[in-house]
Amino acid sequence: MTKKTTTSSSANGDERDRFDVVIAGAGPAGGQCARDLAARGYDVVVLETEAEDEFPRQSNKSTAGTFPSMMTAFGVPDRLAETFTDSVVVESPNGHYERAQPGAVLDFAAFKRWLVADARDRGAEFRFESRVSGPITDGGRVVGVTYAGSEEVYGDVVVDATGPSAPLAKALGVSDLHRANQAIGIDYKLEGVDLDHEDYADLTGAMMLRLDHDIAPGGYSWIFHTGGDTAKVGVCYIQNERHQELARDGMRIDDYLDYWMDSDPRFENAEPVEGAHVLRGSAHIQMPGRLSTDGFMAVGDTVPTIDPLWGEGIHQGMESGRAAAITADHCLTLDTPDTSADRMSVYDDLWHERVAPNMHRRLLMTELLYLAPNERYDRLIRDLNRLAPETLANASGGSLLSIARLLELDDLRYLAKLARNRLTDPHRRWNPLS
């Protein structure tokens, strides 16, 4: 298609800074959306809060665990992986389950810088130190954004890829995120970790998730091997009923990670890697509401997605960016572009088909998993070790049959509790059979 110029005249003759697509946020979702659209020949601008010489700093909030399928699907170079892993491990307080499965732990900062560089090579423009503050609307339709104080930029399509802050999606009534559903996490990179301690599973070349309310009440912790004696180690909890019941007074997320490091012999000689950032982040564990409206889409962590077992959000973020690019092309490639809410709803369909299929069931699996008590985690590990190897992966993906194989009679009380929550809180309702 023919590119537009980056300025146009408004009705009163003023020059306007204008693009086909304006993207707020240069993370995996925003960066991938820019890559795809620029490759199709669209004029794209990405507005990023951070300064370019520090990017990514505050936004570097990921453990960066992913799988080779993501890297292949999006052409991510192998050089961006700190290490490739061979297995996944699930630990409970008194047991573990191991399955051979290739994985990758990315150098997340290098990965995000690569997304920017590659999108630029394809023709996208990036503006750093450009925090987006709100949408510009005309007759109820979003036509641009304000950023960096009083600056304005206009576009036929606007994409919010700012993560849970979601200033555009919230203002437009698309995002409806609730603190009660928020997950809070912290991640260190450590050296001197004993990855093959005699009392635990061998984590050499592994990504490990631990289900243990003593360490992460209402959540989980992890060790992702990154080569040698180094690993990414972190804790995340969800502000759910189990956390409210078991959380220790006065303890913050940092305190839980410190407690784990002090009490687990694998960290006896471990120290933070010099110069490595302490990464912090948040996400929401809930069904998303609307994903788009006239001329607008929300991508990445701006709308909730969840991998029940691994919480792996990089792949979902990239997929949502790609789905948004497909939708923008679908709307703008017409002789007379049509960015009406009806036309933009293609994005909603693609999101539920490609980004988070079986979302209701996966959310059910997630909430059941983190509501269960520690003794139930030990029984889960025993079940996983006797069932077919694909059972856990299929349950995580929303397979009703696999979920049923993991359930016990005692779990009915937790299902009943979740059902009562849905009846009293309309923001958390789901249909587990959908």
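**View 1. Helices α7 and α9 in a predicted model.** The axes of α7 and helix α9 (residues 346–355) come within 9 Å and cross at roughly 150 degrees. Axes here are lines fitted to C-alpha atoms, for helices over the stretch in contact, with angles from 0 to 180 degrees between N-to-C directions. The angle makes α7 roughly antiparallel to α9 (under 35 degrees counts as roughly parallel, over 145 as roughly antiparallel, 65 to 115 as roughly perpendicular, the rest as oblique). The crossing of α7 and α9 is right-handed (the near helix is turned clockwise from the far one by less than a right angle; anticlockwise is left-handed). From α7, the contact takes Gln316, Glu319, Ser320, Ala323, Ala324, Ile326, Thr327 and His330. From α9, it takes Val346, Tyr347, Leu350, Trp351, Arg354 and Val355. Contact means heavy atoms within 4.5 Å. By class, the contact of α7 with α9 has 8 nonpolar, 4 polar and 2 charged residues. Ala, Val, Leu, Ile, Met, Phe, Trp, Tyr, Cys and Pro count as nonpolar, Asp, Glu, Lys and Arg as charged, and the others, Gly among them, as polar.

The model is predicted: local features need pLDDT of at least 70, side-chain atom pairs count only at pLDDT 80 or more, and totals for chains, interfaces and linings use all residues. Residues are numbered from 1 along each chain as its sequence is written, and side-chain values use heavy atoms, with hydrogens and water left out.

**View 2. Helix α1 against helix α7.** Helix α7 spans residues 314–332. Its axis and that of α1 come within 7 Å and cross at roughly 40 degrees. The crossing of α1 past α7 is right-handed. On the α1 side, Pro28, Ala29, Gln32, Cys33, Asp36 and Leu37 make the contact. On the α7 side are Gly317, Met318, Ser320, Gly321, Arg322, Ala324, Ala325 and Ala328. The residues of the contact of α1 with α7 divide into 8 nonpolar, 4 polar and 2 charged.

**View 3. Helix α1 against helix α3.** Helix α1 (residues 28–39) packs on helix α3 (residues 108–121) at an angle of about 25 degrees, with the axes 8 Å apart. That angle makes α1 roughly parallel to α3. The crossing of α1 past α3 is left-handed. Pro28, Gly31, Gln32, Ala34, Arg35 and Ala38 represent α1 in the contact. They meet Phe108, Phe111, Lys112, Trp114, Leu115, Asp118 and Ala119 of α3. The residues of the contact of α1 with α3 divide into 8 nonpolar, 2 polar and 3 charged.

View 4. Ile186 is found in strand β11 (residues 182–191). Helices (H or I, at least four residues) and strands (E, at least two) are DSSP runs, numbered from the N terminus. Ile186 is buried, with a relative accessible area of 1% (buried is under 20% relative accessible area, exposed over 50%, partly exposed in between; 1.4 Å probe, protein chains only). Leaving aside neighbours within four places in sequence, Ile186 contacts Trp222, Val233, Gly234, Val235, Ile253, Asp254, Leu257, Val278, Leu279 and Arg280. The C-alpha atoms of Ile186 and Gly281 are separated by 6.6 Å. Along the chain, these two residues are 95 apart.

**View 5. Phe67 in its loop.** Phe67 lies in the loop between β4 (65–66) and α2 (68–73). Phe67 is buried, at a relative accessible area of 13%. From Phe67 to Thr85 the C-alpha distance is 9.1 Å, across 18 residues of sequence.

View 6. Most residues other than glycine have a negative phi, and most peptide bonds are trans. The bond from Phe55 to Pro56 is cis, with omega near -10 degrees. Pro56 lies in the loop between β3 (44–47) and β4. Ala148 has a positive phi, near 50 degrees. Ala148 sits in the loop between β9 (141–147) and β10 (151–160), and counts as partly exposed at 40% relative accessibility. Ala166 also has a positive phi, about 45 degrees. The loop between β10 and α4 (167–171) holds Ala166, which counts as buried at 0% relative accessibility.

**View 7. The chain as a whole.** The secondary structure comes to 14 helices and 18 strands. Of the 434 residues, 56% count as buried. Among contacts between residues at least 6 apart in sequence, 71% join residues at least 24 apart.
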